[in-house]
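Reader: I would like to go through the packing in this model. Please take the core and then the helix pairs.

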Amino acid sequence: MEHLYSTAADSRRAARVELRQRGPGELVFELAAAESEPPRLGEVTIQVFAAGLNFPDVLTAMGLSASYFEDAPRPGLECAGVVTAIGPDVTAFRIGDRVAAVAEGAFASEVNVPAAAVMSLPDHLDFAQAATVPVAFLTAWYGLVRMADLRRGERLLIHSAAGGVGTAALAVAKLRGAEVFATVGTADKRTYLHEQGVQHVMDSHSVKFGDETLAATGGEGVDVVLNSLTGELLRRSLELLRVRGRFVEIGKRDIMADAALGLGPFRNSLSMHSVDLRLLVDRCPALIGELLAELAPLFASGTLEALPYTPFPVSRADRAFRTMMSGRHIGKIVLTFA
């Protein structure tokens with residue numbers, strides 16, 4: 001398979017560059033020269049060939065991240081490329097390894113990353129495909145498998161099911177043998193989900209999904225909700241959980257706003273979880289390493305596959321950001337650096 005590099009001699013790097021924005025709210029970008037630093041203890045240096053675009057990147061670019069985060073994430077949360085240097089005490093990787101990683105500041109030609117946040121790539125995944133994996137699958141896997149313990153035959157409601165985390169959640173649900181109920185915001189996305197074999201597809205912009213879910217389940221509801229909706233839509237989702245249901249919150253806005261949440265639904269002995277991947281990467285690196293170790297063999301075997309994506313060269317970052325803001329894409333948006 002042809003990759004974006006061939007030999008060590010071919011992969012000599014130009015000076016490090018990073019994507020910079022003219023100012024918040026102004027989708028004007030440039031590639032600017034930046035200092036290159038050697039990897040520190042426990043880190044590896046990755047030459048970046050592709051990086052995934054995520055919702056926090058758009059919020060930061062538009063100057064809106066204060067409603068979602070205590071501090072704005074550095075642009076770029078995940079990447080794929082080649083290991084070019086190894087810091088002290090790193091034994092899991094070698095120079096020349098093809099990898100994907102969770103890494104703030106990944107919109108750059110080179111990034112230093114803790115080795116615990118890095119995953120080796122199988123040969124059948126190219127770099128653009130691999131850049132769709134870290135954020136979406138770590139979030140879906142941790143939320144649905146580790147937190148919710150999603151089991152065969154259970155019912156799972158996935159909101160925003162055609163986005164990055166949503167499409168990863170569909171794959172995890174299929175692997176776990178769950179029955180999927182999904183919401184999305186456009187007719188094209190509903191068509192896409194039906195084509196993927198999802199029978200129960202509803203509108204994410206209306207609370208009607210609640211009545212439709214109850215009607216499809218004979219009034220019983222679902223076992224797990226993977227939620228990214230807010231306000232009334234969040235509360236309606238919580239009401240759909242049956243006895244011992246699990247609610248997994250991956251949104252940030254209501255949490256940061258300390259929004260009120262009625263406890264009535266918890267009479268059903270429910271459990272509620274929140275997933276903040278950025279926090280976990282920073283505070284729980286060993287956990288991230290464990291999760292990547294669980295995911296890696298599933299991608300190596302083909303049990304899990306990369307997500308659908310729309311690629312943009314980094315020189316057209318403005319178009320990539322506008323595409324994500326439109327909310328009409330399916331899966332991931334990827335910036336390519338080669």
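This is a predicted model: local features need pLDDT of at least 70, side-chain atom pairs count only at pLDDT 80 or more; totals for chains, interfaces and linings use all residues.

Reader: Which residues touch the most other members in the largest nonpolar core?

Author: In soluble globular proteins, nonpolar side chains tend to be buried together. Here the largest nonpolar core has 93 residues, and those touching the most other members are Ile 46, Cys 79, Phe 137, Leu 193 and Leu 226. Helix H3 (residues 134–147) gives this core its largest share, nine residues. Another core, of 14 residues, lies apart from it and includes Phe 181 and Val 225.

Reader: What is Leu 226 in contact with, leaving aside its neighbours within four places in sequence?

Author: Its partners include Leu 144, Leu 156, Ile 158, Val 165, Ala 169 and Val 248.

Reader: How do the axes of H3 and helix H4 cross?

Author: The axes of H3 and H4 (residues 164–176) cross at roughly 50° and come within 8 Å, which makes H3 oblique to H4. The crossing is right-handed. Among the residues that meet are Phe 137, Trp 141 and Leu 144 in H3, and Val 165, Ala 169 and Val 172 in H4. By class, this contact has 12 nonpolar, two polar and one charged residues.

Reader: At what angle do the axes of H6 and H7 cross?

Author: Helix H6 (residues 208–216) and helix H7 (residues 231–239) have axes that cross at roughly 15° and come within 9 Å, so H6 is roughly parallel to H7. H6 passes H7 in a right-handed crossing. Phe 209, Gly 210, Asp 211 and Leu 214 in H6 meet Leu 233, Arg 236 and Ser 237 in H7. The contact divides into three nonpolar, two polar and two charged residues.

Definitions and conventions: Residues are numbered from 1 along each chain as its sequence is written. Side-chain values use heavy atoms; hydrogens and water are left out. Axes are lines fitted to C-alpha atoms, for helices over the stretch in contact, and angles run from 0 to 180 degrees between N-to-C directions. Helices (H or I, at least four residues) and strands (E, at least two) are DSSP runs, numbered from the N terminus. Angles under 35 degrees count as roughly parallel, over 145 as roughly antiparallel, 65 to 115 as roughly perpendicular and the rest as oblique. A crossing is left-handed if the near helix is turned anticlockwise from the far one by less than a right angle, and right-handed if clockwise. Contact means heavy atoms within 4.5 Å. Ala, Val, Leu, Ile, Met, Phe, Trp, Tyr, Cys and Pro count as nonpolar, Asp, Glu, Lys and Arg as charged, and the others, Gly among them, as polar. A nonpolar core is a set of buried Ala, Val, Leu, Ile, Met, Phe, Trp, Tyr and Cys residues joined through side-chain atoms within 4.5 Å. Buried means under 20% relative accessible area, exposed over 50%, partly exposed in between (1.4 Å probe, protein chains only).
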